[in-house]
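Please consult the sequence and the coordinates alongside the text.

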Amino acid sequence: MDGELIIKDLRVAIDDKEILKGVNLTVRKGEVHAIMGPNGSGKSTLAYALMGHPKYRVTSGDIVLNGQSILELGPEQRARLGLFLAFQYPTAVPGVSLGNFMRLAVNSVRTGHEGNGGKKPLSVSEFQKLMREKMEILKMDRSFASRYVNDGFSGGEKKRAEILQMALLEPQIAILDETDSGLDIDALRIVSEGVNRLAGPDVGIMVITHYQRILNYIKPQFVHVLAQGQLIRSGGPELALALEEKGYDWLLKEAGLLKS
Ligand SMILES: Nc1ncnc2c1ncn2[C@@H]1O[C@H](COP(=O)(O)OP(=O)(O)OP(=O)(O)O)[C@@H](O)[C@H]1O
Ligand SMILES: [Mg+2]
């Protein structure tokens with residue numbers, strides 16, 4: 001099926017340490033899933049493994065996008081097929097302006113994307129128009145386009161730049177790893193509204209977060225708890241509220257993961 005990401009009994013190791021111990025999850029277009037869970041439980045590992053980071057080794061299971069296993073594909077090919085990851089810790093690229101970086105990324109994905117009806121690369125002026133439009137939605141100052149990627153950006157500015165990239169790439173499945181951390185109250189609202197404007201029937205979204213707060217804006221239909229490399233509970237938005245109130249211990253206990 002188009003616009004469907006299936007994670008099948010996924011096991012992932014870093015060096016020789018197994019981090020994900022059999023994760024099953026399906027994200028379809030039009031759906032918003034929140035992934036929550038204690039520090040170190042494997043949330044970012046899941047995100048990196050989905051994007052194909054070489055350090056995160058899939059030892060068994062499968063990742064299927066639109067009916068095709070993507071395990072053998074590199075990060076760039078996965079991006080071309082419509083996967084997008086906003087990093088928890090975006091890196092700086094000194095010497096490359098945000099505008100040029102984004103244009104290269106967008107055109108690389110557009111021209112390499114087989115399922116998009118053969119979109120043509122955007123000219124510089126077409127791209128600038130599109131970028132300005134999206135920057136307005138995210139209330140980013142135009143001057144950002146000529147600054148070096150993430151170089152000296154504040155924490156919140158980096159997050160906005162990530163969402164800008166998502167807006168420009170128009171992915172089918174977007175994974176947002178702690179996009180809310182480090183955002184001030186207004187920025188959280190603006191970024192969330194930006195995500196919501198991109199969300200819709202054609203996009204599936206996976207939001208990794210520690211706090212219920214962002215979920216007031218980006219409303220998930222599904223909330224999952226990852227602990228010690230396993231999904232130990234799935235539910236609706238009420239699960240996030242329960243976690244906010246009670247923490248994780250009760251769930252860990254029920255899953256037999258808490259030694260007491
Ligand atoms: N590059 C690495 N080398 C060694 N261990 C790693 C590496 N990356 C992650 N780990 C370990 O894998 C486990 C899961 O880490 P991960 O970053 O996926 O957790 P997380 O759920 O995203 O946590 P947080 O909520 O703090 O962001 C942790 O024990 C971490 O120390
Ligand atoms: Mg993390």
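The sections below treat the conventions, a strand and its partners, a ligand shell and a helix.

## Conventions

Residues are numbered from 1 along each chain as its sequence is written, while chains are lettered from A and ligands numbered from 1 in the order in which they are written. In this predicted model, local features need pLDDT of at least 70 and side-chain atom pairs count only at pLDDT 80 or more, whereas totals for chains, interfaces and linings use all residues.

Strands (E, at least two residues) and helices (H or I, at least four) are DSSP runs numbered from the N terminus. Strand E11 (residues 222-227) is largely enclosed by the rest of the structure, because five of its six residues are buried (20 or more other C-beta atoms within 10 Å of a residue's own, C-beta atoms being placed from the backbone).

Strands pair if DSSP finds at least two bridges between them. E11 runs parallel to strand E3 (residues 32-36), with four bridges, and Met 36 stands opposite Val 225. Strand E12 (residues 230-235) is antiparallel to E11, with five bridges; there, Arg 233 is the bridge partner of Val 225. Two residues separate the strands of the E11 and E12 hairpin, in which Gln 228 has a positive phi near 45°.

## Shell of ligand 1

Residues around ligand 1 (C-beta atom, placed from the backbone, within 6 Å) include Ile 14, Asn 39, Lys 43 and Gln 88. Helix H1 (residues 43-51) gives the most to this shell, with three residues.

## Helix H4

The 14 residues of helix H4 (residues 124-137) should span 20 Å, and the end C-alpha atoms are 20 Å apart, which agrees; the expected span is 1.5 Å times one less than the number of residues. Lys 139, which follows H4, has a positive phi near 50°.

Notes: A residue is buried if 20 or more other C-beta atoms lie within 10 Å of its own, exposed if 12 or fewer, and partly exposed in between; C-beta atoms are placed from the backbone.
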